[in-house]
There are 2 protein chains.
Amino acid sequence: MTLPERVQLYEVGPREGFQSEPVLDTNEKIEFVDALSRTGLRHIEVTSFVSPKWVPQMADAEALLAGIHREPGVIYRAAYLNVQGLERALNNNVTLDGSLVLSASDTFSKRNMNKSTVEMFSNLSEWIAAYKAANIRVKQMGFMASFGCNFEGYIPLPHLIRLMGDVIDLAADAGETIQKVKLADTMGWANPEQIKRTVQTIQDKWPQLDIHLHLHDTRGLGLANVYAALQEGLWEFDTAIGGLGGCPFAAVKGAPGNIATEDVAFLCEQMGIDTGLNLAALIDCANKAEQLVGRALPGHLAKGGLQEHIRPKTWKQVQG
Amino acid sequence: MTLPERVQLYEVGPREGFQSEPVLDTNEKIEFVDALSRTGLRHIEVTSFVSPKWVPQMADAEALLAGIHREPGVIYRAAYLNVQGLERALNNNVTLDGSLVLSASDTFSKRNMNKSTVEMFSNLSEWIAAYKAANIRVKQMGFMASFGCNFEGYIPLPHLIRLMGDVIDLAADAGETIQKVKLADTMGWANPEQIKRTVQTIQDKWPQLDIHLHLHDTRGLGLANVYAALQEGLWEFDTAIGGLGGCPFAAVKGAPGNIATEDVAFLCEQMGIDTGLNLAALIDCANKAEQLVGRALPGHLAKGGLQEHIRPKTWKQVQG
């Protein structure tokens, strides 16, 4: 059980966060993404190519991507839910993962995508064909509600493993190799022991497969889950600045959203894990995010404060 | 590395939480403590015997303790900072630990108690004498700012260990045996690896000593720290319902306070650790606490929701 030497945080705030807020001004979003680009983040999910009818917050996807200042070394990403969205993404200079996505919860799949998990699975061949047509290798798979679901309860691990195997096989039949799985705890169900058991089971079965986590802090276990994952050697996490994001199915509107970028970065840095991130710059962005959405966000570090005594020396440096 | 089978949470919200809020109505506090008494909590710190001149929020300590309905099996506690406070506690039917308390940070000691750590240490003989006069065995020691301090930075572990040894020796010279140490992360500095290193070092040196943690979530690492402590077998934690409490030295007024009772209980229960607590009743109390203080509190579970699918079956039960 050794912690990794470095982690890579994938910022999803501008996409997953702002999609559940009132429509924001495009120029303000451009400024915000540009500020994020100067924090040391290497991956920023900027927007989503979805129907402006259903998600007016993302209607400015093209304008936003055209307006940002692209910092060298930063990989700009966008989400998409169907082949039309993929086409738009291809036309707007974002990096694509070639990812095949399902929900581990059938009920969530129906509620969120209007399709059962089986129907979603049967669409994957179409996705593979679309990626091939665009000359993109299929390298990744993702599962929403990997750990639990407000409508179905805990997702049994054997069910997740079976789905993973099915997708790996389908990709292999098309001559593609899945190299990474992204597991999303969409509604905030995972606990640290469940994370460990899940990661260990996957690593035993597919030792070559990278595991990337997308965690939510809905019930407060987000950073404990990150710590459990770090103990298993995981090093790639989706996070959202300030703890932007949310869950439309939480008990209370404004329930905590994605795990906060600055809190996860602080956790890692204090334990001697390199994030490549400037914590003070992240706090500035978290404060900007609060101004943009006009309410307090759940991230902690901006409120607790990055004391001068923390800045020059992390605990790991003090301990040697 | 085995998790404990059960944990004991010591509720400190009515004391540590309400001392930093506007003065609340005594009857409302009585109702609130009575509600807490029906959640399964076995230890509730109700109030503090301090000067009403300095802490008007606690001026009703006697009335509050006289007014509550004492639930069988619940141990009611109170804080005190000097021998006069101890006298008042003795007269009001609260359970006392016979605890000797210092701050591991000299600067925090001076700012918070107007005395250096050395001066505080030299007062301990007076405390031992006062406890003896009251026929209370000295069994516990406590350290504020055990892990870090906004004014001094990280507390070197050898310094904490030295202070611990000094107190153990002083007590032994007076014929008393320290059985438990309570380590407080008063300003929210600890990280999980620091918790582990600290616990392991103490357990190596004093294998018989119980370690009780008092953690704050100032910078978001509270529950990750609890998980690290559970992995080392610790099972006693101070928590505050709703995440009441705060830190007068945080960057922002209203920064996250103590770790939230309901979130810690949820973490434990989902991993199969018995808390003896009724999560739904805790959420009711967290909601009551928000009404009392008139603002949103940082605890997560009340906002994320205790779904019906969580209630009958924890993840551990599903996994078997």
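1. B:S116 is buried, with a relative accessible area of 11% (buried is under 20%, exposed over 50% and partly exposed in between, with a 1.4 Å probe and protein chains only). Its place is the loop between helix 5 (106–113) and helix 6 of chain B; helices (H or I, at least four residues) and strands (E, at least two) are DSSP runs numbered from the N terminus. Leaving aside residues up to four places away in sequence, B:S116 touches B:D106, B:S109 and B:K110, where contact means heavy atoms within 4.5 Å.

2. On provenance: this is a predicted model, in which local features need pLDDT of at least 70 and side-chain atom pairs count only at pLDDT 80 or more, while totals for chains, interfaces and linings use all residues. Residues are numbered from 1 along each chain as its sequence is written, chains are lettered from A and ligands numbered from 1 in the order in which they are written, and side-chain values use heavy atoms, with hydrogens and water left out.

3. Helix 6 of chain B packs against helix 7 (residues 157–173) of chain B at an angle of about 25°, with the axes 11 Å apart. That makes the two helices roughly parallel. Axes here are lines fitted to C-alpha atoms, for helices over the stretch in contact, and angles run from 0 to 180 degrees between N-to-C directions. Angles under 35 degrees count as roughly parallel, over 145 as roughly antiparallel, 65 to 115 as roughly perpendicular and the rest as oblique.

4. The contact residues divide into seven nonpolar, two polar and one charged. Ala, Val, Leu, Ile, Met, Phe, Trp, Tyr, Cys and Pro count as nonpolar, Asp, Glu, Lys and Arg as charged, and the others, Gly among them, as polar.

5. In helix 4 (residues 83–90) of chain B, the buried residues are B:G85, B:L86 and B:A89. They lie on the same side of the helix because they cover an arc of only 100° around the axis, taken from the directions from the helix axis to the C-beta atoms. Their cover includes strand 2 (43–49), strand 3 (75–80) and helix 6 (117–133) of chain B.

6. B:L65, in helix 3 (residues 61–67) of chain B, is buried at a relative accessible area of 3%. Not counting residues up to four places away in sequence, B:L65 touches B:V46, B:T47, B:F49, B:R70, B:N92 and B:V94. B:L65 and B:E45 are 20 residues apart in sequence and 10 Å apart in space, C-alpha to C-alpha.

7. Helix 9 (residues 222–231) and helix 10 (residues 261–270) of chain B pack at about 40°, with their axes 11 Å apart. That angle makes them oblique, and the crossing is right-handed. B:L223, B:V226, B:Y227 and B:L230 of helix 9 meet B:D263, B:V264, B:L267 and B:C268 of helix 10. These residues divide into seven nonpolar, no polar and one charged.

8. In chain A, the axes of helix 9 (residues 192–205) and helix 10 (residues 222–231) come within 8 Å and cross at roughly 30°. The pair is therefore roughly parallel.

Notes. Left-handed = near helix turned anticlockwise from the far one by under 90°.
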